[in-house]
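Student: Hi! Please walk me through this protein, starting wherever you like.

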Amino acid sequence: MSRKLIAATAQLGPIARDESRASVVARLIALLEQAHARGATLVVFPELALTTFFPRWYIEDEAELDRFYETEMPNADTQPLFETAKRLGVGFYLGYAELIEEGGEKHRYNASIIVDDSGEIVGKYRKVHLPGHFNPEDWRPFQHLEKRYFEHGNLGFPVYEAMGGKMGMCLCNDRRWPETFRVLGLRGAELVMLGYNTPSHYPQAPEHDHLQDFHNHLSMQAGAYANGCWVIGTAKAGREEDCDLIGGSCIIAPTGEIIALTQGVGDEIATAEIDLDRCKELRENVFNFALHREPGDYTPICDGAEARDSTRAKVTAESLLTAHPSTANA
């Protein structure tokens, strides 16, 4: 039985702070239809694909902050996307900000889902590697308050049976950490889908600005090759609210080769046929985990977890003491 399918990376151009969900969803549907017209049965959208990248602002009004999150999925605004996917028989990956209430407390996650070709959600992921900072810092040209607006993902790195294969997910900064791909690879992921919103300017080390596109592809290509899996990375790109975001959305083979690539920084798709059985080329040879891995020598990877968690808790507690009351629990 063939396990080939045509997949699409569906890059988005900028989303304005005041752009409505209906407008964004209409753009997503247009990309979904373009991909379907090229024969695609799986489409990968970006991280935070329904809104502008709001962590670039310090938002003191909690009601204003809440409007960037989804409290259910699908909802009235996104239902047309699910209905179109079902009608066309196209599955998709979608990143968004998730807000849930448990025990009377709000919890916020940078999340993504897999929706299969029947329009049903078959997998969810919550971002593990949150970059940025907690308190606003005036020296920055724009903020990166992911640590303030999102909690550490509590689902780990699950792998789901979907679309005829084993699918994994991650989000943006996760791709820079080889452990992300290794855990997914150990769990058998044949395709890893991820969205990103990556500024072309890195305020902490501006001397690296010219490397942003290179590092983006480097991390994903290395993850694909070292784990013998396909990777589809999709950007939100272009000049969004005075912040330039890189493009470079791509489809990467298990050999680490980029086989499809977007050309600009606007709404655009790139497609390629992917054969999930090609994962065997690496996994039965140079990256045969059972034969060649030496996990007994990798203990430093997990050493220090308790110290890390203690430091994280201390930093968070100190940050909360100086936080604005309306966003202290954000």
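Tutor: Sorted by class, the second largest pocket is lined by six nonpolar, ten polar and three charged residues (Ala, Val, Leu, Ile, Met, Phe, Trp, Tyr, Cys and Pro count as nonpolar; Asp, Glu, Lys and Arg as charged; the others, Gly among them, as polar). This is a predicted model: local features need pLDDT of at least 70, side-chain atom pairs need 80 or more, and totals for chains, interfaces and linings use all residues. Residues are numbered from 1 along each chain as its sequence is written, and side-chain values use heavy atoms, leaving out hydrogens and water.

Student: Which residues lie nearest the centre of that pocket?

Tutor: Of its 19 lining residues, those are Pro131, His144, Arg176, Tyr202 and Gln212. (A pocket is an open set of points on a 1 Å grid over the protein atoms alone where a 1.4 Å probe fits, with protein on both sides within 12 Å along at least five of seven lines; lining residues have an atom within 4 Å of a point.)

Student: New topic: at what angle do α1 and α3 pack?

Tutor: About 10°, with the axes of α1 (residues 21–37) and α3 (residues 79–88) 9 Å apart. So α1 is roughly parallel to α3, a label for angles under 35 degrees. (Helices are DSSP runs of H or I, at least four residues; strands are E, at least two.)

Student: Which residues of α1 and α3 meet?

Tutor: Val25, Leu28, Ile29, Leu32, Glu33 and His36 in α1 meet Pro80, Leu81, Thr84, Ala85, Arg87 and Leu88 in α3, with heavy atoms within 4.5 Å. That contact has eight nonpolar, two polar and two charged residues.

Student: What kind of peptide bond joins Met73 and Pro74?

Tutor: A cis one, with omega about 0°. Pro74 sits in the loop between α2 (62–66) and α3.

Student: And what is the phi of Met163?

Tutor: It's positive, about 55°, although Met163 is not a glycine. You'll find Met163 in the loop between β6 (159–162) and β7 (165–171).

Student: Why point those two out?

Tutor: Because most residues other than glycine have a negative phi, and most peptide bonds are trans.

Technical notes. Axes are lines fitted to C-alpha atoms, for helices over the stretch in contact, and angles run from 0 to 180 degrees between N-to-C directions. Angles under 35 degrees count as roughly parallel, over 145 as roughly antiparallel, 65 to 115 as roughly perpendicular and the rest as oblique.
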